[in-house]
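Please look over the sequence and the structure, and then follow the description below.

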Amino acid sequence: MTSRFKAILLKKADDKQTAEDVELSIDDLMPGDVTVVVSHSTVNYKDGLALTGRSPVVRKFPMIPGIDLAGAVETSDNPNFKPGDKVVLNGFGLSEVHYGGYAQKARVKGDWLVPLPSAFTPAQAMAIGTAGYTAMLCVLALEDAGVTPARGAVVVTGASGGVGSVAVAVLAKLGFKVIASTGRPEEEAYLKGLGASEIIPRAELSGEPRMLGKERWAGAVDSVGSKTLANVISQTSYGGAVAACGLAGGMDLPTSVAPFILRGVSLLGIDSVQMPKPRRIQAWNRLAEDLDLKKLAAMTRTIPLSGVRKAADDILAGKVRGRLVVEI
Ligand code: NDP
């Protein structure tokens, strides 16, 4: 008899989505050449969307949600992995078309797995999660675009959230003056503790965007989108760059070409889900160098698997500070 393990399973019937606690066996999992004993996962904004069904993240039902997982390889038919190897997986269709991380076991394509950097435990890797790995993808994109501390400050929007918190910590460690935009003024001490030099209220960037504003920063990490992103772009200095990764404030972008054609500003689109493996490994290696583990601990709270449904509601309501680790 094969052993059974716990999982959360999303089901949909009559247009109504449910999230049930179930017990599965290995034969219930989707095809893949590596099985992983999952020790930790996390709750990102996208997990909130998937668990609540608020946006069509899940494209196949039933589905085990959880876009991230970390753990140890149990069996492998992939030449790059052997039993016992510690691994991390972000995205690649998990919780969309392939069973994800909210289960004690996962069967996946070895090509999706990144070896866990020795600097991190599986719990720390999930404290980083897709949010933190995406923050680092944004930083790498800004660096490639020539944004350096000497060129000026970097603004981070949605700063108290997951992407925002990691971006603030990493950029500060790299020597940037970090301006943190937040809708939670009570998090000023938290954000300054992560390395922000200046806190600006969310409302300062959420009004009607002007075509061009005063030049305030050389770079930006935006997890909000919509008018906030438009305001960020219009206040970016000559030759600067904006890494856009999120939509917490909306999917639209009411901007003009003025910042692009009159100030040579670059808009850098960041997708973490299908990012090719060499860049993923680069991002994880840079996180090992440039993310202070004490700051990571300060932004992280741990919850059990049974807590993810509540956490999903909380993250969509903008009530989660920093990052959540799920003990599987
Ligand atoms: P979080 O919920 O942790 O962070 C989002 C933050 O945005 C909140 O904490 C809040 O920060 C701010 N915010 C929330 N609602 C609004 C609003 N209506 N208007 C303005 N600001 C708001 O989410 P994550 O960090 O996990 O993800 C951030 C965004 O990035 C999400 O949209 C997510 O989908 C996207 N994302 C995209 C990826 C990609 O591959 N492109 C990968 C990872 C994330 P504060 O209270 O400080 O203002």
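## The parallel sheet and its surroundings

In this predicted model, valine 155 has alanine 220 of β11 as its bridge partner. Strand β8, residues 154–157, is joined to strand β11, residues 217–222, by 3 bridges, and the two run parallel.

Helix α2, which spans residues 122–144, packs on the sheet and touches β8, β11, β12 (236–244) and β13. The direction of α2 makes about 150 degrees with that of β12. Helix α3, residues 162–173, also packs on the sheet, where β8, β9 (178–182) and β11 are the strands touched. Between the direction of α3 and that of β8 the angle is about 160 degrees.

The sheet itself is open and consists of 6 strands with parallel pairing, in the order β10-β9-β8-β11-β12-β13. Because β10 (198–201) and β13 (266–269) stand at the edges with a single partner strand each, one side of each has no neighbour in the sheet. From one strand to the next, the twist averages 20 degrees.

## The contact of two helices

Two packed helices are described by the distance between their axes and the angle between them. The axes of α2 and helix α7, residues 277–290, come within 9 Å and cross at roughly 100 degrees. Angles of 65 to 115 degrees count as roughly perpendicular, so α2 is roughly perpendicular to α7.

On the α2 side the contact includes Ala125, Ile128, Tyr133, Met136 and Leu140. Among the residues that α7 brings to this contact are Arg279, Ala283, Trp284 and Leu287. By class, the residues of the contact of α2 with α7 divide into 10 nonpolar, 3 polar and 6 charged.

## The ligand

There are 26 residues around the ligand, and Val163, Thr182, Gly183, Arg184 and Ser272 come nearest.

| Residue | Protein atom | Ligand atom | Distance |
|---|---|---|---|
| Tyrosine 45 | backbone N or O | oxygen | 3.0 Å |
| Serine 160 | polar backbone atom | oxygen | 2.9 Å |
| Serine 272 | backbone N or O | oxygen | 2.7 Å |

## The hairpin and local backbone features

Strands β1, residues 4–13, and β2, residues 16–25, run antiparallel and are joined by 10 bridges. Within this pair, lysine 6 stands opposite glutamate 23 in β2. The two strands form a hairpin with 2 residues between them, and aspartate 14 in the turn has a positive phi of about 50 degrees.

Serine 95 is a residue other than glycine with a positive phi, here near 75 degrees. Serine 95 belongs to the loop between β5 (86–90) and β6 (105–108).

A cis peptide bond, with omega about -5 degrees, joins phenylalanine 61 and proline 62. Proline 62 is found in the loop that lies between α1 (45–52) and β4 (68–76).

How values were computed: Residues numbered from 1 in each chain as written. Predicted model: local features only at pLDDT ≥ 70, side-chain atom pairs only at ≥ 80, totals over all residues. Heavy atoms only, no water. Pairing = 2+ DSSP bridges. Helix = DSSP H or I, 4+ residues; strand = E, 2+ residues; numbered from the N terminus. Axes fitted to C-alpha atoms, helices over the stretch in contact; angles between N-to-C directions. Contact = heavy atoms within 4.5 Å. Parallel < 35°, antiparallel > 145°, perpendicular 65-115°, else oblique. Nonpolar A, V, L, I, M, F, W, Y, C, P; charged D, E, K, R; others polar. Near = heavy atom within 4 Å. Polar contact = N/O pair within 3.5 Å; in protein donor to acceptor, adjacent residues only side chain to side chain.
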